[in-house]
Amino acid sequence: MLTCGLVILNYKDFEATTKLLDTIKDFPSLDYIAVVDNLSPNNSYEVLKKYEGGKISVIQSDKNGGYSYGNNFGAKFLINKFHPDIIAIANPDVVFGNDLAEKIKELFAEKKEYAVLTGSGTRALLWGKNQRYISHRFVSVLLCLIPFSDFLKKVMQKLHAYSYYPEKTRNTPGIFHDVWAVEGCLFFIRTEDFVNVGMLDENVFLYGEEFILASKLQDAGRKTGITHEATFEHNHVYPAGRLDQLESSKKRNLLMNKSEVYFVEHYVTSNKFLIAAFRLLSKLRTVQIHASCFVKKLMFKAGQYFSAPYES
């Protein structure tokens, strides 16, 4: 049986991390668990250290280098100490069962051509509904040139650039399909493939990591798949209607914008015209982000802006 080492990256949120640990620590499918505190400024490391023992190791990174740096830090620890066949990466706010990890390990044993596998995921939204996750088949320059456009995503969905899980697909036991990329909140990757493509790109602090990893795996001729026999949930919820949350949303969107620029320039195209066009549009997007936050703050102070759905 293949062995699996799981990395959980914590930053200031030991409540979510300990909740996940309490759920998964006795899963037979997980052979090793590395909890990485990404140099949190609170007492996260001290709280999490109490969970160390058995299959659980609690370590602290030497700097807060973001999602890629922190998860690579944990993966390198597991690889150097335990040599697992599979590396799993999970955000602290995901919920999954032993059945998912067991199924993934079975599929890796059967499907030698696959580098990355995960289950069917849903996201818990602020207003109490579940959003189907997108399974990314490929990224086009057109999609990148107008980042975060809901209208464009719908158009590209029709062109099969983005593929939402159809209801029939989600409710059909045993179905498995190829995708271009999976969401970064929970995925499993063969250790050999992870090492061969240089792991996660640490030049990106946050957002877009799954696109970059998918690009590198595609260049290496490796495949990515999703099984609908097992599911997980991502409780990725941000409170809304507070002034500080508007500022946090602005920071997130600016980080996304920066990651998009890096991704396009290093992994999508070498065409100087397209890169210049994207840089210009990215600057316009930056202005729009600041302007949107400014207007919402004015509305908030005027009592006309109380809540808003999650902005990704």
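Predicted model: local features only at pLDDT ≥ 70, side-chain atom pairs only at ≥ 80, totals over all residues.
I started with helix α1: its buried residues pack against β1 (4-10), β2 (32-37), α2, β3 (56-60) and β5 (94-96). Helices (H or I, at least four residues) and strands (E, at least two) are DSSP runs, numbered from the N terminus. Buried is under 20% relative accessible area, exposed over 50%, partly exposed in between (1.4 Å probe, protein chains only). In α1 (residues 14-24), the buried set is F14, A16, T17, T18, L20, L21 and I24.

Numbering runs from 1 along each chain as its sequence is written, and side-chain values use heavy atoms, leaving out hydrogens and water.

Next I looked up S44, which sits in helix α2 (residues 44-49). S44 is buried, at 0% relative accessible area. Leaving aside neighbours within four places in sequence, I found S44 in contact (heavy atoms within 4.5 Å) with N10, K12, D13, F14 and D37.

Then salt bridges (a side-chain nitrogen of Lys or Arg within 4 Å of a carboxyl oxygen of Asp or Glu): the count is nine. D22 pairs with K25 at 4.0 Å between the closest N and O atoms; D22 is partly exposed at 43%, and K25 is partly exposed at 32%. E52 pairs with K49 at 3.1 Å.

I finished on E106 and K103, bridged at 3.8 Å, N to O. They lie three residues apart in helix α4 (residues 98-110), so about one helical turn separates them. K103 counts as buried at 16%. Salt bridges with shared partners join K103, E106 and E229 into one network.
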